[in-house]
Amino acid sequence: MLSGSRPLPGRGESGDWPASTRDLALAFCVGFAIWVAVSGLATWSTDFGRHWDEGLALDALQRSAEKKNPLPYKYFYPSLMHDIGLISVAIEGAGHPIFERESCTTEFRRELLLRARTVSAWITLFAVVGSAMLSAYLARTCLAAFPAAVILAGSFEYFYHARWLAPDGLLATASILGLGALVVAVREQSKRWLTVGWVFAAVATGAKYPGGILLVPAILALWWVVPRGLQRRTAMRLLGV
């Protein structure tokens with residue numbers, strides 16, 4: 001334990017809190033398999049419905065392509081949607097027809113939207129893996145991984161929203177992964193996991209305004225993990241990240 005750090009809550013003197021490496025590996029395999037399955041289903045079914053944020057995201061993406069500038073042409077929040085759009089374009093490279101103004105027809109915008117929805121779905125649904133591993137870690141058995149992953153992946157509200165280029169599912173994913181990292185950071189007194197938790201807190205904030213609430217547990221974890229004499233310096237480093 002780090003000098004000056006606080007004792008771990010709920011961990012016995014034998015230090016037997018964490019799940020075994022085998023349990024975590026099995027939990028990852030279970031979560032990964034379910035993630036691939038539901039992401040494949042999402043890829044097959046992205047052509048549905050309409051979300052009011054998607055038109056704004058496509059306009060910003062098209063302007064960025066025309067000006068050969070990855071930054072949005074004006075203030076655009078949440079910026080994480082714009083970043084995912086850039087990833088969907090980057091998959092095809094500089095020869096992508098979006099770089100030609102005359103190619104940006106209604107039909108092409110629809111094609112671009114479906115590609116961006118697919119990228120967004122795979123990223124959003126990755127929370128299934130994080131949920132499986134966190135459940136196995138807390139329960140100290142890989143048996144908790146399957147129900148945790150299935151319940152999340154099978155959620156109608158979560159799955160249908162994941163197939164849109166929308167901030168809500170991205171916020172949920174960043175929150176799950178961020179809170180999981182912070183839990184591990186506190187349990188293990190790990191600065192590395194604390195940094196991971198802060199990164200996901202930043203991603204959640206970039207996904208949607210309410211994501212800023214994730215900074216509260218991030219600050220509490222900082223107070224719990226880092227020795228008091230180093231808290232201010234570590235906080236400045238994490239804010240820089």
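V36 sits in helix α1, which covers residues 21-44, and with a relative accessibility of 36% it counts as partly exposed. Together with F28 and F32, V36 makes up a nonpolar surface patch of about 230 Å² accessible area. Keep in mind that this is a predicted model. Overall, we're looking at eleven helices and zero strands, and 46% of the 241 residues are buried.

**Overall layout**

- Walk along the sequence and the pattern reads α-α-α-α-α-α-α-α-α-α-α.
- An α-helix has 3.6 residues a turn, so residues three or four places apart point the same way.

**Aromatic pairs**

- Seven aromatic pairs turn up in the structure.
- One of these is W35 with W122, an edge-to-face pair with 5.3 Å from centre to centre and 85° between the planes.
- What does that pair tie together? W35 belongs to helix α1 and W122 to helix α4 (residues 106-124), so the contact joins parts that lie 87 residues apart in sequence.
- Is W35 buried or exposed? W35 counts as buried, because its relative accessibility is 12% and the cut-off for buried is under 20%.
- W122, at 29% relative accessibility, counts as partly exposed.
- Ring pairs also build a cluster out of F28, F32, W35, W122 and F126.

**Salt bridge**

- Side chains of opposite charge can pair when their charged atoms come close.
- The count here is one salt bridge.
- Which side chains meet in the salt bridge? K208 and D168 do, at 2.5 Å from N to O.
- This pair links distant parts of the chain, 40 residues apart: K208 is in the loop between α9 and α10 (215-225), while D168 is in helix α8.
- K208 has a relative accessible area of 28%, so it's partly exposed.
- D168 also comes out as partly exposed, with a relative accessible area of 28%.

**Around helix α8**

- G178 has its place in helix α8, and its relative accessible area of 0% makes it buried.
- How far apart are G178 and L214 in space? Their C-alpha atoms are 7.9 Å apart, although 36 residues separate the two in sequence.
- Q189 is in the loop that runs between α8 (167-188) and α9 (191-207).
- Q189 is buried, with a relative accessible area of 8%.
- A polar atom in the side chain of Q189 lies 3.1 Å from the backbone oxygen of V186.

**Helix α5**

- Does the length of α5 agree with what 13 residues should span, or disagree? Residues 127-139 should span 18 Å at 1.5 Å a residue, and the end C-alpha atoms are 18 Å apart, so the two agree.
- Buried residues in α5 include A127, V128, V129, G130 and S131, and A132, S135, A136 and Y137 are buried there too.

Terms used:
Residues numbered from 1 in each chain as written. Predicted model: local features only at pLDDT ≥ 70, side-chain atom pairs only at ≥ 80, totals over all residues. Heavy atoms only, no water. Helix = DSSP H or I, 4+ residues; strand = E, 2+ residues; numbered from the N terminus. Buried < 20%, exposed > 50% of the residue type's maximum accessible area, 1.4 Å probe, protein only. Polar contact = N/O pair within 3.5 Å; in protein donor to acceptor, adjacent residues only side chain to side chain. Patch = residues over 30% accessible without salt bridge, like charges linked within 9 Å, V, L, I, M, F, W, Y side chains within 5 Å. Areas by Shrake-Rupley, 256 points an atom, 1.4 Å probe, with all protein chains shown as cover. Salt bridge = Lys/Arg side-chain N within 4 Å of Asp/Glu carboxyl O. Phe/Tyr/Trp six-rings, centres within 6.5 Å; stacked < 30°, edge-to-face > 60°. Expected span 1.5 Å × (residues − 1).
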